[in-house]
Amino acid sequence: MSISGNRLNTEQYLANFDDIHPGFETKEGAVIEANRCLFCYDAPCTKLCPTSINIPGFIKQIASQNLKGSAQTIFSSNIFGGGCSKVCPVEKLCEGACVYNLMEEKPISIARLQRYATEPAIEHKWHLFERKTSVNKKVAVVGAGPAGLACAHALSLEGVDVTVFEKESKGGGLMTYGIAAYKVTPEFCENEVSFITSVGGIDIRYNQALGKDISLTELRSAFDAVFIGIGVGVARQLDIEGEDLVGVVDAISFIYNLRTKDYAEVAVGDKVAVIGLGMTAIDAATQAKRLGAKEVTIVYRRTENETLYTGGT
């Protein structure tokens, strides 16, 4: 067995890591799907949305061809609504709760409709929010990931001047560095960060690591408040024999390398074993295959029936 990169040609890499989410090919297709919605008064889809997006509301706006209004409804609850439409496990949340499931019919394609509304807003930087006049307050935000940028955007709308300190060279955090490239492309991640900061009043300083380039003491003395949103950048170790051998890597580091290097530079084995069955493990497994691994095996501690109810946790 060998561990190496450069297993495929450029065209194969680009095809394997291209956006896998099929959008609506026509406006008519999106409107027809939106009109399937029953617009439930006590919508179970909204109840299961972690960010409480008014799902029947934004779908009704698509049905009436009010695309900007639909995007604003989504972003008002979740400024990362574009990225979430690509990565959220909707089959277990909003779409899984759709009443059409009870009728044994296909649920409303909520994620595709959410993507339909948010993608043009992000690409063209639609001006959906108005920033209030400055209140002469300054806040430092550590981390330009979803938590940090969501905080920065909310504060900026209230007239607060925000400076974001990010240790990486790009913003987006988990979206940019921790999600499979075929779910959210690097181009989309950059556009999403640019859209969020286009409201104004947000300055991002890259390559600034807390504890190395800046200190909490300095930030507290220079700003009125400090928000720390550094995320989860370290994988939990198993503490088992052989964990430090060549070819053994945690999934977070594996995906990070995929998002920061050329695909041909990322080494992968002929045969790959992935321990775990959560979303990150699945991303690691499928991306190993997309890099050219001949065989990928997932090793999991639960039975197949248990997995159906735990989702790999």
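Predicted model: local features only at pLDDT ≥ 70, side-chain atom pairs only at ≥ 80, totals over all residues.
Start with the aromatic rings: the model holds 6 aromatic pairs. Rings of Phe, Tyr and Trp (its six-membered ring) pair if their centres lie within 6.5 Å; planes under 30 degrees apart are stacked, over 60 edge-to-face, and the rest tilted.

Select Phe17 and Tyr263. Their rings are stacked, 4.2 Å centre to centre, with 10 degrees between the planes. Phe17 sits in the loop between α1 (10-16) and α2 (27-34), and Tyr263 in the loop between α13 (251-260) and β6 (268-269), so the pair ties together parts that are 246 residues apart in sequence. Helices (H or I, at least four residues) and strands (E, at least two) are DSSP runs, numbered from the N terminus. Phe17 is buried at 4% relative accessible area, and Tyr263 is buried at 17%. Buried means under 20% relative accessible area, exposed over 50%, and partly exposed in between (1.4 Å probe, protein chains only).

Next, Phe24 and Tyr116. The ring centres are 6.2 Å apart and the planes stand at 85 degrees, so this pair is edge-to-face. Phe24 is in the loop between α1 and α2, while Tyr116 is in helix α8 (residues 110-124), 92 residues apart. Phe24 is buried, at 17% relative accessible area.

Residues are numbered from 1 along each chain as its sequence is written, and side-chain values use heavy atoms, with hydrogens and water left out.

**Charges over rings**

Show Lys138 with Phe223. The charged end of Lys138 sits over the Phe223 ring, 5.5 Å from its centre. Then show Arg290, which lies over the face of Tyr182, at 4.1 Å from the ring centre. The rule needs NZ of Lys or CZ of Arg within 6 Å of the ring centre and within 35 degrees of the ring normal.

**The cores**

Select Phe75, Ile79, Leu128, Leu149, Val164, Phe195 and Ile204. Of the 31 residues in the largest nonpolar core, these touch the most other members. Colour the elements that give two or more residues to this core: α5 (67-77), α8, β2 (138-142), α9 (146-157), β3 (161-165), α11 (186-197) and β4 (202-205). Helix α11 gives the most, with 5 residues. Such a core is a set of buried Ala, Val, Leu, Ile, Met, Phe, Trp, Tyr and Cys residues joined through side-chain atoms within 4.5 Å.

Zoom in on Phe195. Leaving aside neighbours within four places in sequence, Phe195 is in contact with Phe75, Ile79, Ala121, Ile122, Lys125, Trp126 and Leu128. Contact means heavy atoms within 4.5 Å. A second, separate core has 24 residues, including Ala34, Cys37, Cys49 and Phe58.

**Cysteines**

How many disulfides does a search of the whole structure find? The search finds 0; a disulfide is a pair of cysteine sulfur atoms within 2.5 Å. Select Cys45: its sulfur is 6.5 Å from the closest cysteine sulfur, in Cys37, too far for a bond. Cys45 is buried, at 10% relative accessible area. Cys49 is next: its sulfur is 6.6 Å from the closest cysteine sulfur, in Cys94, too far for a bond. Cys49 is also buried, with a relative accessible area of 13%.

Go to α4 (residues 55-63). Here 7 of the 9 residues are buried, so the helix is largely enclosed by the rest of the structure. The buried residues are Ile55, Pro56, Phe58, Ile59, Gln61, Ile62 and Ala63. They pack against α2, α3 (44-47), α5, α7 (94-97) and α8.

Move to α13. Its buried residues are Phe254, Ile255, Leu258 and Arg259. They cover an arc of only 135 degrees around the axis, which puts them on the same side of α13. The arc is that of the directions from the helix axis to the C-beta atoms. The cover over these residues includes α10 (174-177), α11 and α14 (279-290).

**Last stops**

Pick Val139, in strand β2. Val139 is buried, at 9% relative accessibility. Not counting residues up to four places away in sequence, Val139 touches Leu155, Val160, Asp161, Val162, Thr163, Phe223 and Ala225.

Finish at Gly178, in the loop between α10 and α11. Gly178 is partly exposed, with a relative accessible area of 21%. With residues up to four places away in sequence not counted, Gly178 touches Gly173 and Ile255.
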